[in-house]
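Reader: I'd like to go through this one with you, a question at a time. Could you bring it up?

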Amino acid sequence: MSGIDDIILRHSHATRDSLIPILQEIQDEIGYLSEESIVAVGKLLNLPTSKIYGLATFYNQFWFQPKGKYHIQICQGTTCHMEGAFSLIDFFEKKFNLKVGQTTRNGEYSLEIVPCLGACSKSPVISINGILYGSITAENLEEILEEAART
Amino acid sequence: MEKIHGSDQILLHHVLSKTSDEQKHITEEKISMLRRQTVSKPIIYIGSTTSSHVAGSKKTLKAVEEYRQEMNVDLEIIEVGSIGLCSLEPIMDVQLPGRCRVSFQKVTGDVVATILDGVLNNFLPSEFALAQYRNPLHQPWFNVPFFDDLPFFKHQHRLLLENCGLINPESIEDYIAWGGYKAFANVISNYTHEEVCDAIDKSGLRGRGGGGFPTGKKWKETLSIAANQKYFICNADESDPGAFMERVLMESDPHLIIEGIAISSYAVGANKAIIYTRNRYALTVIRLEKAIQQAYDLGLLGFNIFDSGFNLDISIRKGPGAYVCGEETALIKSIEGKRGMPNYKPPFPSTKGLHGKPTVVNNVETIANVPHIINNGFEWFNTIGTKQSKGTKLFSVSGKVNRVCLLEVPFGTPLSKLVELAGGVPEGQKLKAVQIGGPSGECIIPEDLQTPIDFESFKNKGLAMGAGGVIVYDDTVCIIDMVKYFMNFIKHESCGKCIPCREGSQRMLDILTAISSRPANSDGHGSLERFKGVILLESMAEVMRDTSLCGLGQTASNPLISALKHFKNEFEEHIFERKCVAGVCRNLRIYYIDVEKCTGCAACAKRCPTNAIIGTPRSPYFVVEEKCIGCGICEEVCKFSSVFFK
């Protein structure tokens, strides 16, 4: 909680304008928006928790459960879709036995579909913990997962 | 301003055109050094943007650093932006003293040593060479084309992209050396607010976000309203899937955007400006933040800029990801810390926007034009483009093309040129259609590609320009699959305010899914029902277009309607013959077993969920077509790749 407290303290004079930046900072800090953090932000800005939750669920960026150790984002841009991003989704769902938007039970992997990452020349693109990997094929996928595990 | 000393002072004087006679020599020398006209040691430039990072430019950079250390050579390494040739990345340039700066393509980490070994010893590894920059002061390399001779660059009109890939985006000095911030200094010391608005109005600059609204008019409206606070918002929320023009522009030349914002804010009398960009564009945010900080440090932003009495603060907002926030009223709501749902217009944001104050929302590309117009005059800008659409337009071309790239062409260029410059479709394939404007644009068939790019001619043809994302389809693309993809996107991104958009997109997706999947029973009635669905699609699209509040809902059915118009037979094939010629719709596939390759291991027969595969072990198996549901498990388990689909 200390990280969240710091963020709240830093924004002690914030208005509603800063709601989204505060939530983003919290997500950067702990990886997701926990129940306590939403309540704390509500207290800070004098807003009902339901409103904040409503806002956070509206946007794609926010997560409400802890992310895995390896957070995998699959680009669903147009070019990536044409180059077969859907089979990547299938692959990951089968491999880790989870659905999009979930985290595996052991907390190792989580899967997210994101709109275009803007790297269309190397589609299909995935991002593991923020590092982008391009030109994914069935052959080099395992290699990339290993590489991600090393870094 | 008192705090600024030394070389910064020289640059500032240069910006303000106040260079004294004794300073002139030093200034010229500094500018020439920053422009790298004369270099004392070899310089390595490495293209560094999000897409080149994916291609491996970070490894290239590391390899160059290692090379420098290992060989103990004196090299300067500079990270630059992208020249627009995304498919050829990572791109590395080398400039030797006295020689032309030469570019190498596809320089992955492992070939760095080979290239540098060659170039540093005056031998050019021609297999990697791309082109060289023309410079009369430098000796050119033999047998390497110049950039302006390459067809890709020859047919472009690079105005906004002029500096992209050439200068260091993280250095304000580079930008100033190439003429940056001169327009802003000129405006702030010699122009009134009205004069700037007038200049932009006369230039005929129109909004590049898709609407094509005259920018000057918008500004004048805001300027004419008395208010104690006005805002300027730069819309950099590029969430159109397949579009990356703005990202490349912001990553390669962030100071151009900052300068554009500064001039625009001055023009409308706003002293608070906000850049609303995407949270996912991490590098973009970093570079913009750096650029803003540098501008503050040099006194180009902040309080009482150049003693003119004009204050300006620029801040960055990271959009948390919602396509609808590209719409100006939704964007403003998002900045206010609310759900990004569009509002009814009027009142337009130019009269009542952020916190109820007059607010101008402009697209990044529009803003990037402003410094150029001020520098060169509106008469000059009027000479580029067509009668009603002036200037140039950025396009990102991706999809089934040989060269995924970023292009800048003047208005009036035919659409076919874009495909041509992108290297056409892969060999052996045929161009099927071009989708312009992403999920809210139409697909255009090859016969219509002669249409000039221009707001008016697009309007006459019933097309939408969109932001500039161009997706090329070839024969391997199923049009129904793409329409379904876009509809799924709209369904996901619809804010939910208007029922026609929220529910309509869901129902349309349902109908499209029904078309592209195998029916439970194969009687004719089912086909008829699905056909009825397609007819319903058309009327539903009309309702959505007429009754939705914002552009997202109004244009959501564009891809569908245009596809229905041009590719009716493909829809019919899906409905009646249950066949997807391109083989993309997985549920419509029927699998077959190659008799030659099958060894009769029975692996597929064991796994088939509908027992559609029959045969005897150790002799080729056979798929019963009627029973096959196209799940593809047999293809997955076959070790001899004998399973294929039609």
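Reader: Which loop holds B:Asn304?
Author: This is a predicted model, where local features need pLDDT of at least 70, side-chain atom pairs count only at pLDDT 80 or more, and totals for chains, interfaces and linings use all residues; side-chain values use heavy atoms, leaving out hydrogens and water. Residues are numbered from 1 along each chain as its sequence is written, with chains lettered from A and ligands numbered from 1 in the order in which they are written. Phi of B:Asn304 is near 50°, positive in a residue other than glycine. Going by DSSP runs numbered from the N terminus (helices are H or I, at least four residues; strands are E, at least two), its place is the loop between helix H13 (282-297) and S8 of chain B.

Reader: And where does B:Asn122 sit?
Author: Most residues other than glycine have a negative phi. B:Asn122 has a positive one, near 65°. You'll find B:Asn122 in the loop between helix H5 (112-120) and strand S5 (129-132) of chain B.

Reader: What is omega at the cis peptide bond joining B:Glu89 and B:Pro90?
Author: B:Pro90 is in a loop too, between strand S2 (76-80) and strand S3 (92-95) of chain B. The cis bond from B:Glu89 to B:Pro90 has an omega of about 0°.

Reader: Chain A has a cis bond as well; which residues does it join?
Author: Look in the loop between S2 and S3 of chain A, where A:Pro124 lies. Omega is about -10° there, and the bond joins A:Ser123 and A:Pro124.

Reader: In what order do the strands of the open sheet in chain A run?
Author: Two strands pair if DSSP finds at least two bridges between them. S1 (residues 70-75) and S3 (residues 126-128) of chain A run antiparallel with three bridges, and A:Gln73 stands opposite A:Ser127 in S3(A). Overall the pairing is mixed, and the four strands of chain A go S2-S1-S3-S4.

Reader: Which strands are at the edges, pairing on one side only?
Author: The order S2-S1-S3-S4 in chain A is that of an open sheet. Its edge strands are S2 (109-114) and S4 (131-133) of chain A.

Reader: What angle does helix H6 of chain A make with S1(A)?
Author: Axes are lines fitted to C-alpha atoms, for helices over the stretch in contact (heavy atoms within 4.5 Å), and angles run from 0 to 180 degrees between N-to-C directions. Helix H7 (residues 138-150) of chain A lies across S1, S3 and S4 of chain A at about 25° to S3(A). Helix H6 (residues 85-96) of chain A packs on the sheet by touching S1, S2 and S3 of chain A, and its angle with S1(A) is about 155°.

Reader: How much area do chain B and chain A bury between them?
Author: Buried area is the accessible area (1.4 Å probe) that two parts lose on being put together, summed over both. Here 52 residues of chain B are in contact with 41 of chain A. Carbon and sulfur atoms account for 54% of the buried area, which is about 3600 Å².

Reader: How many salt bridges are there between chain B and chain A?
Author: The rule wants a side-chain nitrogen of Lys or Arg within 4 Å of a carboxyl oxygen of Asp or Glu. A:Glu112 and B:Arg280 meet that way, at 3.6 Å from N to O. Between chain B and chain A, the count is five.
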